[in-house]
Amino acid sequence: MDFVQIDKTNLDTAREIENTIFPHYNALNNYLDSLINPKKSEYYLIKDNDIFIGIIGLYSYDAYPDDAWLGWFGLLEEYRGKGYGRKALEFFEELAKDHGFRFARLFTDTLNNDKTRNFYKHLGFFEERYINFNDPASLKYPISIFSKSLYDERCPHWNNRDIHFTKQVHKQQ
């Protein structure tokens with residue numbers, strides 16, 4: 001399994017993979033932001049035997065310098081349940097460590113998503129419901145934040161600190 005960083009040469013392939021996995025969302029602005037400022041975010045195509053099978057990313061917030069956030073993670077349906085997801089998350093965690101982060105975080109919706117949520121829990125992440133009254137989209141779209149320490153230390157709870165979810169919702173429309 002290989003990870004190919006998304007750049008101008010493979011942007012169309014990334015969009016095709018992402019649109020297949022997430023047909024109702026659009027990550028193009030996230031990818032373009034990573035090309036402009038790769039220190040804030042980076043995204044990768046997941047490749048197996050010369051076939052692109054998914055996407056994964058890492059981003060961060062200046063206000064939370066210890067936290068690496070998983071961005072746009074998904075596999076094409078026919079590659080799910082075969083160990084690729086675990087390997088991809090291991091890649092994300094190693095990438096986060098290489099960048100000096102202490103904690104891995106991600107968010108996902110809670111509607112009809114029990115399998116994904118259980119997958120993250122199985123890999124050692126703990127779940128918190130995200131509700132932030134300064135972030136209106138969190139009141140409209142139910143999501144959870146999953147957290148995990150990248151080292152042998154206690155991972156603090158997120159406690160509804162602002163993840164600018166409303167801004168992301170607007171960005172992906």
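Here are a few questions and answers about the aromatic rings in this predicted model.

User: Before we start, how are residues numbered, and which pLDDT is needed for local features?

Analyst: Residues are numbered from 1 along each chain as its sequence is written, and side-chain values use heavy atoms, leaving out hydrogens and water. Side-chain atom pairs count only at pLDDT 80 or more, totals for chains, interfaces and linings use all residues, and local features need pLDDT of at least 70.

User: Why is the pair of Y61 and W69 edge-to-face?

Analyst: Planes under 30 degrees apart count as stacked, over 60 as edge-to-face and the rest as tilted. The ring centres of Y61 and W69 are 5.8 Å apart and their planes are at 75°, so the pair is edge-to-face.

User: W69 also pairs with W158; what is the angle between the planes?

Analyst: This aromatic pair is edge-to-face too, with 5.1 Å from centre to centre. The angle between the planes of W69 and W158 is 85°.

User: Is W158 buried or exposed?

Analyst: Buried means under 20% relative accessible area, exposed over 50%, and partly exposed in between (1.4 Å probe, protein chains only). W158 has 1% relative accessibility, so W158 counts as buried.

User: Which residue has its charged end over the ring of W158?

Analyst: A charge sits over a ring if NZ of Lys or CZ of Arg is within 6 Å of the ring centre and within 35 degrees of the ring normal. Here the charged end lies 3.7 Å from the centre of the W158 ring, and the residue is R161.

Note on methods
Rings of Phe, Tyr and Trp (its six-membered ring) pair if their centres lie within 6.5 Å; planes under 30 degrees apart count as stacked, over 60 as edge-to-face and the rest as tilted.
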